[in-house]
Amino acid sequence: GLDYGPCYKPIQQLRANSQQAEALLCRLDGAPDRCLLDGCFQLVASVLAHQEEAAQLLLPVGLEAVQMQRWPLPDQLRCRLRMRPANALTGADGKGHLIADLTLLDLEGVVLGVVEGLQLRRITRSLLDLMLPVVPELPQARMLEDGWTPLAPGSLTEWSLGAEESI
């Protein structure tokens, strides 16, 4: 995966099986709401870890609906994710998208919002290499080098400024 820093690691507690997951998410100081939403989307990986297809690369490609009853989100929330059954995959485009539905809840169980139809596409290694090519590292050229070399006494020439002259 990609490392975006600690604010994109809001999951504090997690329970998952091969079809659903639930997590407690906590906002780090100053983290935007998108970090909490991203944490909810990360629940897909916890579900897939319980399936045969655990080692696949997935790219979010669409949403059917997003309805938020509260915005901004609270600093702590629960997220429930349910994967749709395999026979519902034909609802995307027939190319094997994984589809998940998420419910965001406050700590008392009140619904904060829902994300319906989070669509994730399986990405092959060759497609990933096309999307994110590895750029060869270029040698660092050193055009200028800074340094200080003191002059030896008496090294000033006749055309140089004398010590008593101003610049």
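# Questions on a predicted chain

In this predicted model, 65% of the contacts between residues at least 6 apart in sequence join residues at least 24 apart.

User: How many helices and strands does the chain have, and in what order do the elements run?

Analyst: The secondary structure comes to three helices and seven strands. Read from the N terminus on, the order of the elements is β-β-α-α-β-β-β-β-β-α.

User: What share of the residues of the chain counts as buried?

Analyst: The chain has 167 residues. It exposes about 12100 Å², with carbon and sulfur atoms supplying 55% of that area. The share of residues that count as buried is 29%.

User: Leaving aside neighbours within four places in sequence, which residues is Val44 in contact with?

Analyst: Beyond four places in sequence, its contacts are Leu58, Leu81, Met83, Ala100, Leu118 and Leu120.

User: Which elements do the buried residues of α1 pack against?

Analyst: The buried residues of α1 are Asp33, Cys35, Leu36, Leu37, Gly39 and Cys40. They pack against β1 (11-16), β2, α2, β5 and β6.

User: Why does Asp33 count as buried, and which side chain does a polar contact join to that of Asp33?

Analyst: Asp33 is found in helix α1. Asp33 counts as buried because its relative accessibility is 10%, and the cut-off is under 20%. Setting aside neighbours within four places in sequence, Asp33 is in contact with Arg27, Trp71, Pro72 and Leu73. The polar contact, at 2.6 Å, is with the side chain of Arg27.

User: Is Asp106 buried or exposed, and how far away is the nearest side chain of opposite charge?

Analyst: Asp106 is found in the loop between β6 and β7. Asp106 is buried yet has no salt bridge. A salt bridge needs the charged atoms within 4 Å. The nearest side chain of opposite charge belongs to Arg70, at 4.9 Å.

User: Which backbone nitrogens lie 2.9 Å from a polar atom of the side chain of Asp106?

Analyst: One backbone nitrogen at 2.9 Å from a polar atom of this side chain belongs to Glu108. Another at 2.9 Å from a polar atom of the Asp106 side chain belongs to Val110. The residues asked for are Glu108 and Val110.

How values were computed. Residues are numbered from 1 along each chain as its sequence is written. This is a predicted model: local features need pLDDT of at least 70, side-chain atom pairs count only at pLDDT 80 or more; totals for chains, interfaces and linings use all residues. Side-chain values use heavy atoms; hydrogens and water are left out. Contact means heavy atoms within 4.5 Å. Helices (H or I, at least four residues) and strands (E, at least two) are DSSP runs, numbered from the N terminus. Buried means under 20% relative accessible area, exposed over 50%, partly exposed in between (1.4 Å probe, protein chains only). Lys and Arg count as positive and Asp and Glu as negative; His and the chain ends are not counted. A polar contact is a pair of N or O atoms within 3.5 Å; within protein, one must be able to donate a hydrogen and the other to accept it, and residues adjacent in sequence count only if both atoms are side-chain atoms. Accessible areas come from the Shrake-Rupley method with a 1.4 Å probe; for residues, only the protein chains shown count as cover.
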